[in-house]
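These are my notebook entries on one structure. I set down what I looked up, in the order in which I looked it up.

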Amino acid sequence: MLRKGSELLKGDREVLLDLNYAGEVQTTDSYGSLQNGCFIPPRYLSASACDEDADGNDNDCIDIHFNTRSTQPNPQLGNYFRDGRTKIDFVLVWEVRSRTKRRGKGKVRSDLTGAEGEAVPTEENSRSERRKAQLAQWREKFVQNLQSAGLLMEKEETANEKKTIHFLKLSAPWDVMVYYAEELCLRAPLQAQPNLNLNTSARVLSRLCIPNVMTESVPNRPLDYYTCAFRKSKINRFLGCDNHETYFTNTQRHRVVYEIIAGTVYGKRKRAEVGVDRLVNEGAYTAAFPLHEGPFQLPKYEIRPDELNQRQVLHYYWARWCKWYKYQPLDHIREYFGEKIALYFAWLGFYTAWLLPAAVVGTLVFVSGVMSMGTNTPAKEICNSGGSYRMCPLCNTCKAWNMSEICTIAKLGYLFDHPGTVLFSVFMSFWAVTFLEYWKRKMSTLAHHWDCMDFHEEEERPRPEFAAMAPSMEQNPVTGVKEPYFPEKTRLSRMFTGSMVIIMMLCVVMIFLVTVVMCRGIISVMMFHTGSPVLRTEAGTIANISSSIVNLGLILLMGRVYTALAEQLTKWEMHRTQTQYDNAFIFKVFIFQFVNFYSSPFYVAFFKGRFVGYPTNYGTLFGMRNEDCGPGGCLIELAQQLFIIMVGKQLINNIQEFIIPKVKAWRQKRSLAKVLRGKTSHEPQRWEEDYQLVECEGLFEEYLEMVLQFGFITIFVAAFPLAPLFALLNNWVEIRLDAHKFVCEYRRPVAERAQNIGVWFNILEALSHLSVIANAFLIAFTSDFLPRLLYQYKFDNDLSGYVNFTLAYAPLNYTEYPMCRYKAFRDNNGNYTLFYWELLAVRLGFIIAFEHAVFFVLRAIDWIVPDVPESLELKMKRERYLAKQALAENQEALLVSRGRGATPGACSPASDTSFGNMS
């Protein structure tokens with residue numbers, strides 16, 4: 001049935017590059033011969049078997065199956081053509097509304113009818129019809145070129161009186177798979193080896209002979225192999241090459257098919273009318289996706305674990321809530337979803353595991369603060385002061401108050417500002433940098449284990465949107481092929497304009513911040529004027545909590561608005577490849593979300609209370625006195641803000657992730673159910689069930705949520721030691737939510753190769769370094785740790801008299817409340833005391849010492865802990881040796897060709913792709 005592979009595929013490549021290919025012309029509904037339910041491309045049939053007439057219509061020898069469900073029993077169940085043997089690797093879907101229904105729906109005026117009574121289409125209908133004809137022509141040309149590439153096809157239809165849903169099933173035969181295995185430099189298995197135990201905690205518990213409740217035996221774990229680049233001439237040296245049905249995994253098959261359909265021409269190349277992605281964007285297809293491996297629910301009858309399909313294994317052993325404490329089956333995730341998604345879950349699991357010690361230490365620090373509250377001498381002095389400390393009014397219309405009224409707040413403030421929290425912030429600074437160093441080590445191990453150690457993204461094709469909007473065509477200096485081109489100078493000018501828009505949006509965030517600050521001040525004044533002793537005492541707390549809730553609402557609202565704006569700006573900038581587009585989009589959104597989420601905590605931590613002034617010389621903003629820290633200090637207010645913003649955001653996000661996919665899936669199922677109405681006696685096919693699922697939205701939102709959380713638990717951890725605990729609890733939920741979405745609610749995404757987590761790692765590194773600086777300033781300028789330490793060194797080790805020492809008297813010319821007190825190191829004239837300058841020197845010295853110590857330890861860890869473990873280096877050497885032995889016969893020819901300056905057919909590591917059943 002097939003020609004020789006080399007002759008066949010040489011012609012295929014010529015067809016894919018030739019826009020004027022005028023092969024066999026079929027109608028839209030007929031894509032070749034359907035024999036026994038399996039499509040055979042027409043160029044594989046003899047010329048005498050089937051000819052086309054002058055009108056381009058197929059003769060009766062073409063058997064077109066419009067009935068979507070065959071009454072013949074399938075020889076084999078699963079994702080197969082109707083013959084039960086040909087695997088379905090990809091599905092293309094498009095919908096066509098019933099023409100008779102459309103005509104019956106519209107009312108035609110009498111003056112728009114012709115002599116024969118036929119409706120004359122209006123200009124709008126004419127445009128719509130031309131558009132539909134254009135899309136149908138694109139689909140026809142696209143399918144013809146897919147036929148020429150050697151793909152097998154079979155068509156299904158589901159229809160009612162309103163519309164018809166077409167499903168085109170694609171399959172790659174053995175010759176096509178072998179050709180592209182070499183073309184894409186897939187990895188071929190040479191020798192099996194024992195599966196590695198990649199869980200450090202499992203190895204530690206095993207050495208200590210402690211039972212490990214987190215481990216679980218997951219069936220059908222993919223084998224691990226030594227591998228090398230695939231060569232068709234050496235295929236007999238690779239394991240499993242004699243079994244054509246199982247040699248390639250289903251994930252590898254749909255990746256190869258996607259490579260074909262993503263580069264296939266459907267129109268004119270000079271217009272960059274190439275690839276299925278652009279066809280989906282243009283509306284020619286409504287969806288294009290690989291199929292899931294059957295249902296995720298377990299069958300009702302009893303079945304052995306090793307008989308479960310991959311999707312059932314992932315659902316039963318990973319996506320269920322009762323598995324929250326189990327290790328993730330990363331090899332199974334990688335085999336089913338590809339390396340990019342597997343690396344996300346590996347990073348999320350690794351990050352969650354590292355949160356456990358941070359959460360334990362943070363909880364112990366908080367508990368120690370609770371237990372030692374009674375030993376806090378300054379709080380005791382405040383509670384026992386009675387009317388000794390008469391404080392100056394907190395606002396222009398407020399009255400003087402006694403410090404003893406804030407006894408409770410002073411005690412609670414100790415929970416967030418005691419020596420333990422200072423030590424914990426130092427611990428978290430070391431934790432952040434150490435976590436990233438060990439993640440690099442883990443990432444290298446996984447990259448080699450999954451055969452993408454030397455993977456670099458191949459020369460990317462232009463994005464469909466870029467190809468559609470680019471004004472001209474230029475030759476690609478790498479491939480030599482003409483591609484859509486956009487002038488770099490114009491792009492830079494657009495990026496500059498976009499940066500101005502970003503700055504304007506950041507200014508809007510600052511305006512909202514000022515609004516929240518003023519709102520907090522107004523609420524405080526209102527609480528004071530109520531006359532209630534309770535509301536007066538808790539005025540600052542009530543104002544802070546209420547304004548934080550308002551701030552959270554503004555943050556979430558502005559986040560949605562700016563994400564949409566950033567998407568439009570990034571599209572307008574016309575980035576050529578998807579990687580460039582993603583990086584530009586991530587940078588814009590992260591910069592905005594960083595300011596959006598962290599501006600309020602930064603204000604409370606580093607600016608609030610710094611510009612208050614003193615009686616007779618108060619600083620003002622828009623006529624209102626500048627905010628001062630509350631009676632319990634700024635750290636307790638910072639803790640309140642962090643709790644509301646961080647925990648509130650996590651709760652809202654989890655609710656959205658739980659509800660929104662279900663709502664989208666319900667709407668999709670409802671739409672398809674109308675077409676399937678009246679066919680309830682037939683069980684839905686796999687492609688119909690998958691079409692009802694939600695399209696996978698990628699990993700951007702997942703990474704962004706976790707990266708923002710990482711910033712909360714590292715930058716401001718000194719004020720909120722329970723932040724790692726809340727992050728840990730959230731991540732346990734997040735892993736199962738994401739797992740359930742990918743396994744049960746999303747269409748199966750195309751498996752993508754990846755070596756690491758990309759630009760997100762650079763963002764995490766920047767946040768970890770920023771956290772060191774922020775914690776140093778937080779301890780030095782916001783916490784009372786250094787003032788107390790200096791007071792203990794100079795005056796009293798028990799902090800007796802510390803409260804009185806920190807309170808200054810109002811200047812003599814302040815006549816409203818003479819001799820009232822306020823918190824500052826000033827003399828009676830409002831000038832700073834000597835102790836203030838000594839304290840400033842200590843603070844600056846602490847910052848310098850703290851930063852140098854942490855960054856020195858960071859460099860030491862970087863030097864001591866290699867990015868690639870020694871055992872992995874040994875394994876890599878063994879793999880290179882086996883690869884050299886397997887390809888030994890080619891070595892002489894390879895050296896000769898290198899001497900000539902070219903290596904025909906040689907594979908670059910840039911196109912390294914996974915192969916076989918490797919884990």
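Which strands does helix 6 lie across, and at what angle does it run to strand 3? I found that helix 6 (residues 250–262) lies across strand 3 and strand 5 and runs at about 55° to strand 3. Axes are lines fitted to C-alpha atoms, for helices over the stretch in contact, and angles run from 0 to 180 degrees between N-to-C directions. Contact means heavy atoms within 4.5 Å.

**Entry on the model.** I noted that this is a predicted model, in which local features need pLDDT of at least 70 and side-chain atom pairs count only at pLDDT 80 or more, while totals for chains, interfaces and linings use all residues. Residues are numbered from 1 along each chain as its sequence is written, and side-chain values use heavy atoms, with hydrogens and water left out.

**Entry on the chain.** I recorded 28 helices and 18 strands. Both are DSSP runs numbered from the N terminus: helices are H or I with at least four residues, strands E with at least two. Of the 919 residues in the chain, 51% are buried. Buried means under 20% relative accessible area, exposed over 50%, and partly exposed in between, with a 1.4 Å probe and protein chains only. Among contacts between residues at least 6 apart in sequence, 78% join residues at least 24 apart.

I then turned to an open sheet of four strands, in the order 4-5-3-8, with antiparallel pairing. Strand 4 (152–159) and strand 8 (287–289) stand at the edges with a single partner strand each, so one side of each has no neighbour in the sheet. Neighbouring strands of this sheet are turned by 15° against each other on average, direction ignored. Two strands pair if DSSP finds at least two bridges between them.

**Entry on strand 5.** I looked up the partners of strand 5 next. Strand 3 (residues 90–97) and strand 5 (residues 163–171) run antiparallel and are joined by eight bridges. Within this pair, Phe90 has Leu170 as its bridge partner, and Val91 stands opposite Lys169. Strand 4 also pairs with strand 5 in the antiparallel sense, over eight bridges, and Glu154 stands opposite Lys169. A hairpin of three residues joins strand 4 to strand 5.

Is strand 5 buried or exposed? Nine of its nine residues are buried, so strand 5 is largely enclosed by the rest of the structure. In a regular strand the side chains alternate between the two faces of the sheet. I listed the buried residues by side: Lys163, Ile165, Phe167, Lys169 and Ser171 on one, Thr164, His166, Leu168 and Leu170 on the other.
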